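The sequence and structure come first.

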Amino acid sequence: QLQASGGGLVQAGGSLSLSCAASGRTFSVYVMAWFRQAPGKEREFVAAIKRSSGFTDYADSVKGRFTISRDYAKNTVYLQMNSLKPEDTAVYYCAASASSWSRRRSMYDYWGQGTLVTVSS
């Protein structure tokens, strides 16, 4: 089970931090990631992190502004979002994969409920 939190309303240029806590079969998690879905658009990859090594991957649209990190002991992944833009407005979902290092949402086995991030101009 994944529980995401931390969304909200922020002005352009501001910052927000999201967190996602995993519970249950956490020993089987290989990769944790963030995706987002803006109104009328498909869910897209934002960032991913390997749970054991901490190796990361970012979508070009957020590289240099967002940072994904994890607390291995707490089974929690974070997304620090800086220099937010109105186009970052979306519902953000955390996801976990037991076996795949991928940007494809179909490769993720578990999903959180989503948290809304709204960036005003």
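## Salt bridges

A salt bridge is counted here when a side-chain nitrogen of Lys or Arg lies within 4 Å of a carboxyl oxygen of Asp or Glu. The model is predicted, with local features needing pLDDT of at least 70 and side-chain atom pairs pLDDT 80 or more, while totals for chains, interfaces and linings use all residues. Residues are numbered from 1 along each chain as its sequence is written, and side-chain values use heavy atoms, with hydrogens and water left out.

A search of the whole structure gives 5 salt bridges. One of them joins lysine 63 to aspartate 60, with 3.4 Å between the closest N and O atoms. Aspartate 60 is exposed at 64% relative accessibility (exposed is over 50% relative accessible area, buried under 20%, partly exposed in between, with a 1.4 Å probe and protein chains only).

## The network around aspartate 88

Salt bridges link Arg36, Glu44, Arg65 and Asp88 in a network. Aspartate 88 meets arginine 36 at 2.9 Å, N to O. Arginine 36 is in strand β4 (residues 31-37) and aspartate 88 in the loop between β8 and β9, 52 residues apart. Strands are DSSP runs of E with at least two residues, numbered from the N terminus.

Aspartate 88 also forms a salt bridge with arginine 65, at 2.7 Å, N to O. Because arginine 65 sits in the loop between β6 (56-58) and β7, and aspartate 88 in the loop between β8 and β9, this pair ties together parts 23 residues apart in sequence. Relative accessibility is 5% for arginine 36, 12% for arginine 65 and 0% for aspartate 88; each counts as buried.

## Disulfide

The whole structure contains 1 disulfide (a pair of cysteine sulfur atoms within 2.5 Å). Cysteine 20 and cysteine 94 form the bond, with their sulfur atoms 2.1 Å apart. Cysteine 20 belongs to strand β3 (residues 16-22) and cysteine 94 to strand β9 (residues 90-97), so the bond ties together parts 74 residues apart in sequence.

The torsion about the S-S bond is about 55°, so the disulfide is right-handed. Cysteine 20 is buried at 0% relative accessible area, and cysteine 94 is buried at 0% as well.

## Sheet

An open sheet of 4 strands runs in the order β1-β3-β8-β7 with antiparallel pairing (two strands pair if DSSP finds at least two bridges between them). β1 (2-5) and β7 (66-71) are the edges, each with a single partner strand, so one side of each has no neighbour in the sheet.

Strand β7 is joined to antiparallel β8 (residues 76-81) by 6 bridges. Aspartate 71 has threonine 76 in β8 as its bridge partner.
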